[in-house]
Amino acid sequence: PCPCGKHSSYSEHFLEPFLDALVKLGVKLEVKRNDEMYKKGLFNRNIILALKGRDQIAKILKDATGKEIVHDWSPLNVICNKCKRMSNSKVISFSEKDETVDYECECGDKGTKELAGAGKLTWRVDWPARWQVLGVSIEPFGKDHSSRGGSYDTGKIISKEIFSYDAPHPVVYEWISLKGLGDMSSSKGNVISAAKMLEVLPPEVLRYAIIKTKPQKAISFDPGLPLINLMDEFDDDSFFFKQKTAYEI
């Protein structure tokens with residue numbers, strides 16, 4: 001449930017201010033909600049392919065990460081009808097013809113569900129499945145996913161061998177760090193949201209701070225004097241650009 005009680009869900013509580021911030025930053029986008037795509041059955045084909053290729057995917061993950069995959073592992077996490085969790089359920093069988101899945105849960109519940117909205121593919125399988133569903137050709141992601149044996153390494157193999165789709169071109173980006181606190185990390189609580197940053201920086205300056213830095217280079221955010229210098233730098237570059245454009249015209 002939403003922490004403040006004003007949104008339809010927990011995720012919407014955090015998504016709404018983020019999307020509002022993107023509008024202020026001038027970022028034009030079309031929002032595709034993963035849960036809605038699952039419920040509409042857009043992932044059904046990929047779920048079937050993943051379930052049929054379960055052993056092949058398990059081998060890909062083991063070869064890339066060196067970790068043993070448990071014998072009853074499944075690429076699909078099913079939402080239990082009773083406890084509403086999907087971390088405690090196990091896939092027992094599935095029907096490609098009927099597009100259904102049978103499951104058992106640790107809470108004692110079991111049953112058959114239609115694939116559309118039944119659950120979600122695990123992260124390392126969901127990502128490459130989404131590439132195929134959305135027709136992704138270029139994928140930006142943080143450097144943690146680009147490490148050897150990371151999500152992109154396994155994703156591109158799963159994408160090709162399971163979903164018959166060429167993995168998108170990777171664009172790896174560095175992280176944003178906060179002075180004295182290190183890299184931003186949600187798990188450590190070391191984060192300033194885009195919405196909060198817009199409370200102290202005009203949208204055009206924040207956009208400039210991100211765009212002026214190459215993706216492969218870390219961005220250091222210092223709320224002190226360097227912030228004022230950044231605004232001066234933005235003004236200088238804006239003046240130069242306007243003068244250059246006027247000259248060219």
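Predicted model: local features only at pLDDT ≥ 70, side-chain atom pairs only at ≥ 80, totals over all residues.
Local features were considered at pLDDT of at least 70 and side-chain atom pairs only at pLDDT 80 or more, whereas totals for chains, interfaces and linings use all residues. Residues are numbered from 1 along each chain as its sequence is written, and side-chain values use heavy atoms, with hydrogens and water left out.

Helix H3, which spans residues 44-52, contributes Asn44, Asn46, Ile47, Ile48, Ala50 and Leu51 as buried residues, where buried denotes a relative accessible area under 20%, exposed over 50% and partly exposed the range in between, with a 1.4 Å probe and protein chains only. Helices (H or I, at least four residues) and strands (E, at least two) are DSSP runs, numbered from the N terminus. The buried residues of H3 pack against helices H2 (34-39), H4 (54-65) and H5 (123-134) as well as strands S1 (76-78), S2 (89-95) and S5 (119-121), contact being defined as heavy atoms within 4.5 Å.

Within strand S3 (residues 100-105) lies Thr100, which counts as buried because its relative accessibility is 16%. Beyond residues up to four places away in sequence, Thr100 touches Phe94, Ser95, Thr112, Lys113, Glu114 and Leu115. Lys62, by contrast, is placed in helix H4 and is partly exposed, as its relative accessible area is 37%. When neighbours within four places in sequence are set aside, Lys62 is in contact with Lys67 and Glu68; its C-alpha atom is separated by 9.5 Å from that of Gly149, which is 87 residues apart from Lys62 along the chain.

Two surface patches were also examined, each made of residues with over 30% relative accessible area and no salt bridge, like charges being joined within 9 Å and nonpolar side chains (Val, Leu, Ile, Met, Phe, Trp, Tyr) within 5 Å. A salt bridge is a side-chain nitrogen of Lys or Arg within 4 Å of a carboxyl oxygen of Asp or Glu. Glu204, Asp232, Asp235, Asp236 and Asp237 gather in a patch of negative charge, and its largest share, four residues, comes from helix H9 (residues 225-248). Asp237 lies in this helix and is partly exposed, with a relative accessible area of 39%.

The nonpolar surface patch is formed by Val27, Leu29 and Val31, which together have about 230 Å² of accessible area, computed by the Shrake-Rupley method with a 1.4 Å probe. Leu29 lies in the loop between helix H1 (10-24) and H2 and, at 47% relative accessibility, counts as partly exposed.

Notes:
Lys, Arg positive; Asp, Glu negative; His and termini not counted. Charge placed at Lys NZ, Arg CZ, Asp CG, Glu CD.
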